[in-house]
Amino acid sequence: VQLQAFGGGLVQAGGSLRLSCEVPRNIFLIGVIGWHRQAPGRDRERVASITSSGSTNTEESVKGRVTISRDNAKNTVYLQMNNLQPEDTAVYFCSAWDGRSNHWGQGTLVTVSS
């Protein structure tokens, strides 16, 4: 299973980025899609997730700055990140839980400069 994550880059503090994750359609229709991040020297942590019906769950640490959404026509889940701060610097990964297995995509690097 191949998930494709896009949209990382270098941004100044206070800026915004939108990450995209393309998910195979068979999983996109039934799975829970999540965004996670791993900063240098730290464990991977969940950022937000969205179910097939559109219910979302966002970690308190980023709530109010991060929005997860999905485009059913494009089999894509987005992570809109606003007011980015240097502590948001990390490799961001998307995942897809199909009810039996969790599938991971390659990460996309987000670097926030102060």
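Arg70 lies over the face of Phe28, 4.0 Å from the ring centre; a charge counts as over a ring if NZ of Lys or CZ of Arg is within 6 Å of the ring centre and within 35 degrees of the ring normal. The model is predicted, so local features need pLDDT of at least 70 and side-chain atom pairs count only at pLDDT 80 or more, while totals for chains, interfaces and linings use all residues. Residues are numbered from 1 along each chain as its sequence is written, and side-chain values use heavy atoms, without hydrogens and water.

**Charge over a ring**
- The charged end of Arg44 sits over the ring of Phe93, at 3.8 Å from its centre.

- Beyond its neighbours within four places in sequence, Val47 is in contact (heavy atoms within 4.5 Å) with residues including Trp35, Val62, Val66, Leu79 and Tyr92.

**Thr108**
- Thr108 lies in strand E11 and is buried (under 20% relative accessible area, 1.4 Å probe, protein chains only), with a value of 9%.
- A polar atom of the Thr108 side chain lies 3.0 Å from the backbone nitrogen of Gly8.
- Outside four places in sequence, the contacts of Thr108 include Ala5, Phe6, Leu19 and Val91.

Note on methods: Helices (H or I, at least four residues) and strands (E, at least two) are DSSP runs, numbered from the N terminus. Buried means under 20% relative accessible area, exposed over 50%, partly exposed in between (1.4 Å probe, protein chains only). A polar contact is a pair of N or O atoms within 3.5 Å; within protein, one must be able to donate a hydrogen and the other to accept it, and residues adjacent in sequence count only if both atoms are side-chain atoms.
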